[in-house]
Amino acid sequence: MIEFTFWDILRNLIFATRWTALLSAVAFAGGAAVGLAILAARISERPWLRRFGSGYIALFQGTPLLMQLFLMFFGLPMLGFRIEPWTAAALGLTFYASAYLAEIWRGGVEALPRGQWDAGASLGLHRLQELRLVILPQAFAITRPAAVGFLVQLIKSTALTSIIGFEELLRTANAINNATFEPFTVYGLVAVIFFVLCYPLTQYARMLERRAPAH
Amino acid sequence: MGYGLSFGWLKDAAGAIAHGAAMTVFLIACTTVLGILISILFAAARRSRYAVLRKAVAVYVEVVRNTPFLVQLFFIYFGLPSLGIRLDPIVAAIVAMTLNMAAYTTEIVGAGLDAVPKGQSEAAFALGLKPRQVFIKIILPQALKVIFPALTSQVIIMMLESAVVSQIAVRELAHEADLLQARTFRSFETYFVVTLIYLALSMAVRRLFVAGGRRVLGAGVS
């Protein structure tokens with residue numbers, strides 16, 4: 001029987017935190033990339049693409065993330081992919097994040113005055129160029145507080161991947177708890193670590209919001 | 001490639017799924033009522049004269065909003081017994097869900113209270129109403145009307161997040177899915193069906209709230 005001191009517990013938890021951080025970063029980056037494609041579909045001029053975009057967003061925002069993760073975990077092997085908890089977790093959170101980011105950015109695009117598109121067109125820009133050079137930079141800027149806020153939500157959501165077996169912070173905590181029988185300390189510390197990760201971002205989002213010019 | 005989808009098990013599983021869905025609806029119904037009551041109290045406390053109250057509510061909101069719901073749930077269900085507070089899984093789930101949702105709805109309710117023009121309460125006071133009457137009869141209905149859509153979204157988010165209480169063996173929809181897939185070995189199909197049921201539930205809850213809100217709070221609720 002190995003004895004765990006408080007510092008052993010803390011050290012193990014902090015080591016496990018890098019997986020939580022890495023998963024959050026990968027899911028946010030992946031979600032931004034996929035979300036951009038969904039955004040393009042959502043604001044496209046073709047009705048069927050717009051419908052696809054809004055259906056995609058409604059689907060991911062209307063179902064539990066836990067179910068999405070399970071479907072990834074059990075569904076991808078059926079398509080012939082060998083899948084491990086890490087892949088299922090990263091893919092599941094990427095799609096989840098893409099729906100939310102697309103919706104956030106769509107809000108930004110729609111908040112821009114029509115004249116921005118017209119001005120782009122009058123300069124002879126193609127629709128994609130308009131998006132890239134005129135619309136998206138402004139849409140990203142005004143939705144930055146919401147995007148940072150979503151990052152906080154995403155970091156918290158990584159805790160769910162412990163259920164499909166990804167060895168992040170919470171799963172490590174479960175293992176430590178099974179060895180030490182000190183749930184109060186272990187889960188308390190996990191909460192503190194998540195708080196330390198999330199609180200600065202929350203404050204940052206709040207600061208961005210305060211600094212944003214009124215529209 | 002020998003894997004075909006099969007939904008033959010669904011006939012026998014319908015009862016269990018319906019039972020789970022009913023439990024999920026029960027959990028979110030309790031959470032909604034308790035959570036909104038608490039958040040009205042907390043929003044009022046946040047605007048009270050007492051600095052201690054204001055501070056305490058602010059700390060509660062920050063702590064809950066910056067930690068995962070699953071960790072809060074484990075802390076309440078596994079951690080609190082070391083302090084002698086032992087909760088039944090269903091009670092623990094409702095407590096965790098209520099405390100989690102209230103942290104978000106306190107802010108929403110507060111924003112609604114701030115949105116009611118000051119003239120409303122001044123007019124009510126001028127008519128001789130007592131402070132409590134002014135709050136319940138004048139301020140609150142108007143505030144609720146403003147925040148109704150945000151409140152509805154928060155309830156739906158909480159219902160979707162309630163899937164994780166399956167982890168402390170509350171027999172709601174997600175937990176029934178776990179049990180079913182262990183029995184039928186049809187994991188993908190099981191979670192697929194249950195995911196669709198969650199989707200239907202969240203659409204139904206939104207409809208219900210919009211219809212109910214129109215009746216209770218009057219027109220203009222969307």
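This is a predicted model: local features need pLDDT of at least 70, side-chain atom pairs count only at pLDDT 80 or more; totals for chains, interfaces and linings use all residues.
1. Overall make-up of chain A. Reading along the sequence gives the pattern α-α-α-α-α-α-α-α-α. The C-alpha trace spans about 75 × 45 × 25 Å along its principal axes.

2. Burial and contact range. Chain A has 215 residues, and 40% of them are buried. If you take the contacts in chain A with a separation of 6 or more, 75% come from residues 24 or more positions apart.

3. Helices H1 and H9 of chain A. Have a look at H1(A), residues 6-42, against H9(A), residues 183-211: their axes come within 11 Å and cross at roughly 40°. That angle is why the two count as oblique to each other. As for handedness, H1(A) passes H9(A) in a right-handed crossing. On the H1(A) side the residues are A:Phe6, A:Ile9, A:Leu10, A:Leu13 and A:Thr17, and they meet A:Thr185, A:Val186, A:Leu189, A:Val190 and A:Ile193 of H9(A). Sorted by class, that contact has eight nonpolar residues, two polar and no charged ones.

4. Helices H5 and H6 of chain A. The next pair is H5(A), residues 114-122, and H6(A), residues 127-142, with axes that come within 10 Å and cross at roughly 155°. H5(A) and H6(A) are therefore roughly antiparallel. Their crossing is right-handed. H5(A) puts in A:Gln116, A:Trp117, A:Gly120 and A:Ala121, while H6(A) brings A:Glu130, A:Val134, A:Ile135 and A:Gln138.

5. The contact between the chains. Chain B gives 31 residues and chain A gives 29 residues. Which elements of chain B give two or more residues to the side that touches chain A? They are helices H2 (51-65), H3 (69-79), H6 (131-161) and H8 (187-217) of chain B. H8(B) provides the largest share of that side, with ten residues. By class, the side of chain B that touches chain A divides into 20 nonpolar, eight polar and three charged residues.

Key. Residues are numbered from 1 along each chain as its sequence is written. Chains are lettered from A and ligands numbered from 1 in the order in which they are written. Two residues are in contact if their C-beta atoms, placed from the backbone, lie within 7 Å. Helices (H or I, at least four residues) and strands (E, at least two) are DSSP runs, numbered from the N terminus. Ala, Val, Leu, Ile, Met, Phe, Trp, Tyr, Cys and Pro count as nonpolar, Asp, Glu, Lys and Arg as charged, and the others, Gly among them, as polar. Axes are lines fitted to C-alpha atoms, for helices over the stretch in contact, and angles run from 0 to 180 degrees between N-to-C directions. Angles under 35 degrees count as roughly parallel, over 145 as roughly antiparallel, 65 to 115 as roughly perpendicular and the rest as oblique. A crossing is left-handed if the near helix is turned anticlockwise from the far one by less than a right angle, and right-handed if clockwise. A residue is buried if 20 or more other C-beta atoms lie within 10 Å of its own, exposed if 12 or fewer, and partly exposed in between; C-beta atoms are placed from the backbone.
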